[in-house]
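Student: I have a structure open and would like to work through some of its residues. Can we go one question at a time?

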Amino acid sequence: MEPEHFGLAFMHRSYAYEHGGLPTNERLEFLGDAVLGLVVTDHLYRAHPDLSEGQLAKLRAAVVNSRALAGVARGLDLGQAVRLGKGEESTGGRDKTSILADTTEAFIGAVFITHGIEGASALVHHLFDPLMAKAATIGAGLDWKTSLQEHASSHGLGVPHYTVAEDGPDHAKSFEATVTIADRQFGPGLGRNKKQAEQQAAEQAFAALQAETAARSVADGSANTGAGTP
């Protein structure tokens, strides 16, 4: 990647404004958003030929959203490379979801400028294929809480109830969530905010309940087969 594009990808507007109006990463972010959307949409279209437009849109939304983009950025430790103004720096901007998501898109945009669609596509697949595979396992195709709620409703388990505890100072809080369904508790889910913790707890509950449902189906199938055997 050419140095000027790499540097620009990490130039947050707060730093640029504090240093005399330098160019920001916002144009690269705009470009990267379009490239990411194209690559993800193309992959989902080809990988799921039986899904409707609405279902494909839900899967894409599960992958191309601020929370997912910020998660990718944290995995790459992009926050440490961002140039921030003093205000953003003092309020934990290096781990702020919106800043990390925007930086990820700007990074993708810079790769596209330097290496074209093939290089950008390779990067997107490397970073987002696990998310796309995971999104396909979510029942609602949107988020774990929605999937869990739909599963609980369809199986007569009632409404999931979340309990969240927080710990740590205001600038570095951590959250722990559990979810209760039909008097059963799942979790804990951990996160930097309440939503992340609840989503993680919901994911654990959804996976456990789905596994139990699959096991019952196998057992019922075996029992029916056995019953029909002379």
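This is a predicted model: local features need pLDDT of at least 70, side-chain atom pairs count only at pLDDT 80 or more; totals for chains, interfaces and linings use all residues.

Student: Which residue meets the side chain of E203 in a salt bridge?

Tutor: Side chains of opposite charge can pair when their charged atoms come close. For E203, the N to O distance in the salt bridge is 3.2 Å. The partner is K134.

Student: How many residues apart in sequence are the parts that this pair ties together?

Tutor: K134 belongs to helix α7 (residues 97-135), while E203 belongs to helix α9 (residues 194-227). The pair therefore ties together parts whose separation in sequence is 69 residues.

Student: Is K134 buried, partly exposed or exposed?

Tutor: Buried means under 20% relative accessible area, and exposed means over 50%. K134 has 36% relative accessibility. That value lies in between, so K134 counts as partly exposed.

Student: R13 also forms a salt bridge; with which residue?

Tutor: The closest N and O atoms of the pair are 3.2 Å apart. R13 forms this salt bridge with E26.

Student: Which helices does that pair link?

Tutor: The two residues are 13 apart, and the pair links distant parts of the chain. R13 is in helix α2 (residues 13-18). E26 is in helix α3 (residues 26-47).

Student: Why does E26 count as partly exposed?

Tutor: The limits are under 20% for buried and over 50% for exposed. E26 falls between them, because its relative accessible area is 32%.

Student: What is the N to O distance in the salt bridge of E166 and K173?

Tutor: The side chains of E166 and K173 meet in this salt bridge. A salt bridge needs the nitrogen within 4 Å of the carboxyl oxygen. The distance here is 3.0 Å.

Student: Which residues are linked in a network of salt bridges?

Tutor: A network of salt bridges includes D95. The residues linked in it are R74, D95 and R192.

Student: How many salt bridges does the count come to?

Tutor: The pair of K134 and E203 is one example of a salt bridge. By the 4 Å rule, the count comes to 11.

Student: Where does T163 lie, and which residues does T163 touch?

Tutor: T163 lies in strand β1 (residues 161-167). At 42% relative accessibility, T163 is partly exposed. Leaving out residues up to four places away in sequence, T163 touches E176, A177 and T178.

Key. Residues are numbered from 1 along each chain as its sequence is written. Side-chain values use heavy atoms; hydrogens and water are left out. Helices (H or I, at least four residues) and strands (E, at least two) are DSSP runs, numbered from the N terminus. Buried means under 20% relative accessible area, exposed over 50%, partly exposed in between (1.4 Å probe, protein chains only). Contact means heavy atoms within 4.5 Å.
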